[in-house]
Amino acid sequence: MTAPDAAHVDDLVVGWRRAIHREPELGFAEHKTSALVERELARAGIPSWRVAQTGVVGLLEGGKPGKTLLLRADMDALPVPERSGEPFASIVPGVMHACGHDAHTAMLLGAAVWLAPRRAEITGNIKFVFQPAEEGPGGAKPMIEAGVLLHPHVDAAVMIHVLPILPSGVIGWRAGPMQASADDFTIAVIGRGGHAASPQLGVDTIPVAAELVSSLQRIASREVDPLESVVLSIGTIQGGYRRNVIADRTEIGGTVRCFSHELRASMPERLRRIAGGIASAHGASCEVSYEWGYPPVVNDPRLTRLVAGIAERTPELGGVVELPAPRMGAEDFAYFAQAVPGCMLRLGVAPPGQDDPAMLHSPQFRLDEAALRSGVRTFCELALRLPQEL
Ligand code: NI
């Protein structure tokens with residue numbers, strides 16, 4: 001088989017991306033996407049196997065022994081109705097690739113196909129990981145639990161995620177905190193119901209909940225170092241039956257985002273202390289439940305500098321920039337980056353001529369397909385150079 005040139009691979013990548021975009025699949029239901037990935041890996045002569053239901057792992061063994069680099073793409077779509085106006089828009093009602101995972105999968109597949117006939121130039125191994133369910137409930141953790149980091153042992157993990165606010169084709173990097181953790185909580189305030197005309201006979205949970213809503217904001221404004229970042233947002237509040245009844249139970253639901261593992265670990269106790277104190281001050285009680293979500297993505301500083309250095313030497317990228325700040329969104333690549341040195345890169349996909357592009361997760365989200373070649377080139381150069389620098 002002759003080695004495909006870069007332009008041919010770029011055409012394949014756009015074709016795959018459009019095919020995946022047209023038939024988006026939700027987490028752990030990426031059957032057609034996985035089948036496409038398996039088919040193309042097999043065609044390129046790369047052995048692959050299934051991990052965590054719909055996850056696919058391909059292994060390319062280089063010509064010389066060395067370290068193992070894991071390159072990761074996610075494959076799942078979102079329950080968002082597409083209104084992008086693209087000719088290849090989703091034909092699945094209410095489901096859309098609104099986070100660019102179609103592009104991630106196509107770019108990594110393109111890199112695999114380009115690299116396969118050039119394996120003699122690779123020192124070490126490249127593990128191509130096509131992960132399900134990034135948007136929830138999470139595919140990274142079950143893949144790791146199923147041993148994706150073993151046989152051969154993975155020495156570093158790199159991923160690329162598109163970002164509409166970066167110019168098309170630009171690679172963005174950042175050492176240290178990159179994406180926030182995302183945990184959820186529910187606080188139930190429990191009092192005593194009664195007639196609204198006789199509040200003294202009940203324990204009204206509505207004013208207790210109201211006090212709690214404002215007091216919880218003081219964690220960020222008064223308790224945490226102002227140079228640390230934490231977001232506590234209350235998204236739901238539910239209580240009461242009708243206007244003349246004292247509500248015996250009110251529930252508050254919210255999310256907590258931060259970058260520091262220590263701060264994150266302290267949050268359930270802070271919530272319990274404040275909720276418990278306010279509830280008991282008013283004769284009510286409370287139940288706090290805290291659900292751990294994805295940890296923060298913290299890019300390994302040494303690996304990230306190596307990756308950025310290789311990107312800077314890669315021809316044909318739209319530029320390489322250091323990102324000024326992390327983002328408060330979450331990404332389950334965090335589990336890979338907790339287990340081995342990890343680096344999450346960004347790829348600018350701003351459609352040309354648009355000053356205010358639709359953001360990720362928007363029904364109007366579109367990306368500039370010309371940017372995808374930057375992602376493919378970056379993966380290929382990392383595969384050729386990074387393992388011997390690890
Ligand atoms: Ni995403």
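Axes here are lines fitted to C-alpha atoms, for helices over the stretch in contact, and angles run from 0 to 180 degrees between N-to-C directions. Helices (H or I, at least four residues) and strands (E, at least two) are DSSP runs, numbered from the N terminus. The model is predicted, so local features need pLDDT of at least 70 and side-chain atom pairs count only at pLDDT 80 or more, while totals for chains, interfaces and linings use all residues. Residues are numbered from 1 along each chain as its sequence is written, and side-chain values use heavy atoms, with hydrogens and water left out.

**Stop 1: two helices**

Select helix 7 and helix 9 (residues 372–389). They pack at an angle of about 135 degrees, with their axes 10 Å apart. That angle makes helix 7 oblique to helix 9; the scheme counts angles under 35 degrees as roughly parallel, over 145 as roughly antiparallel, 65 to 115 as roughly perpendicular and the rest as oblique. The crossing of helix 7 and helix 9 is right-handed, where a crossing is left-handed if the near helix is turned anticlockwise from the far one by less than a right angle, and right-handed if clockwise.

Now show the side chains at the contact (heavy atoms within 4.5 Å). Helix 7 contributes Arg302, Leu303, Leu306, Val307 and Ile310. From helix 9 come Glu381, Leu382, Arg385, Leu386 and Glu389.

**Stop 2**

Select the eight strands that form an open sheet with mixed pairing, in the order 1-2-4-3-5-16-6-15. Two strands pair if DSSP finds at least two bridges between them. At the edges are strand 1 (48–51) and strand 15 (320–322), each of which pairs on one side only. Neighbouring strands of this sheet are turned against each other by 25 degrees on average, direction ignored.

Strand 6 (residues 171–173) runs parallel to strand 15, and three bridges join the two. Within this pair, Ile171 stands opposite Val320 in strand 15.

**Stop 3: backbone geometry in the loops**

Most residues other than glycine have a negative phi, and most peptide bonds are trans.

Go to the loop between strand 1 and strand 2, where Ala52 is found. At 16% relative accessibility, Ala52 counts as buried (under 20% relative accessible area; exposed is over 50%, partly exposed in between, with a 1.4 Å probe and protein chains only).

Continue to the loop between strand 4 and helix 4, where Ala133 lies.

Past helix 4, select Pro152 in the loop between helix 4 and strand 5.

**Stop 4: salt bridges**

A salt bridge is a side-chain nitrogen of Lys or Arg within 4 Å of a carboxyl oxygen of Asp or Glu. By this rule there are 22 salt bridges.

Select Glu145 and Lys141, whose side chains form one of them at 3.9 Å, N to O. Both residues lie in helix 4 (residues 140–145), four residues apart, about one turn of the helix. Glu145 is exposed at 61%, and Lys141 is partly exposed at 41%.

Next select Glu223 and Arg270, with their closest N and O atoms 2.9 Å apart. This pair links distant parts of the chain: Glu223 is in helix 5 (residues 205–223) and Arg270 in helix 6 (residues 261–281), 47 residues apart. Glu223 is partly exposed at 31%, whereas Arg270 is buried at 17%.

Then select Glu251 and Arg249, which meet in a salt bridge of 2.9 Å, N to O. Glu251, at 28%, is partly exposed, and Arg249, at 36%, is also partly exposed.

Finish with Asp10, Glu316, Arg373 and Arg377, which salt bridges with shared partners join into one network.
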